[in-house]
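Student: I would like to learn how to read a few features of a model. Please take them one at a time.

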Amino acid sequence: MVSLPDIIHLGTIVILLLLLSAVQSTVLLPKPSGPYNTRITTAELVDKTRLDPFAPNRTQRAIMVTVFYPIKTPPNRTHSAP
């Protein structure tokens with residue numbers, strides 16, 4: 001037999017899942033203004049001379065870098081995401 005606390009716990013989980021599904025994960029950004037579109041690139045930079053003091057297995061220190069840079073938009077195209 002299912003106890004009342006189990007039913008309440010299950011009901012709480014269902015309500016939370018319904019609320020999470022109702023939340024939109026879309027971020028609205030303004031349209032680009034200006035003659036340039038942008039590109040994005042990411043890279044991992046590794047410092048082979050030092051160990052990462054926060055890594056659990058004492059690996060080399062590494063960070064992720066994201067770079068946004070302007071590119072010229074061709075005259076026959078409008079601004080668009082890459």
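Student: Which backbone nitrogen lies 3.0 Å from a polar atom of the side chain of Asp52?

Tutor: A polar contact is a pair of N or O atoms within 3.5 Å; within protein, one must be able to donate a hydrogen and the other to accept it, and residues adjacent in sequence count only if both atoms are side-chain atoms. Here the nitrogen belongs to Phe54. Asp52 sits in the loop between strand 1 and strand 2. Helices (H or I, at least four residues) and strands (E, at least two) are DSSP runs, numbered from the N terminus.

Student: What should I know about the model and its numbering?

Tutor: The model is predicted: local features need pLDDT of at least 70, side-chain atom pairs count only at pLDDT 80 or more, and totals for chains, interfaces and linings use all residues. Residues are numbered from 1 along each chain as its sequence is written, and side-chain values use heavy atoms, with hydrogens and water left out.

Student: Where is confidence lowest, and where is it highest?

Tutor: pLDDT is the predictor's confidence in each residue, from 0 to 100. Where it is low, the predicted coordinates should not be read in detail. The chain averages 78, and 74% of the residues score at least 70. Helix 1 has the lowest confidence, with a mean of 73, while strand 1 (residues 36–51) has the highest, at 90.

Student: How many salt bridges are there?

Tutor: Side chains of opposite charge can pair when their charged atoms come close. A salt bridge is a side-chain nitrogen of Lys or Arg within 4 Å of a carboxyl oxygen of Asp or Glu. The count here is one. The partners are Asp47 and Arg50, whose closest N and O atoms are 2.8 Å apart.

Student: Which side chain of opposite charge is nearest to Asp52?

Tutor: Lys and Arg count as positive and Asp and Glu as negative; His and the chain ends are not counted. For Asp52 the nearest is Arg61, 4.5 Å away; Asp52 is buried and has no salt bridge.

Notes
Buried < 20%, exposed > 50% of the residue type's maximum accessible area, 1.4 Å probe, protein only.
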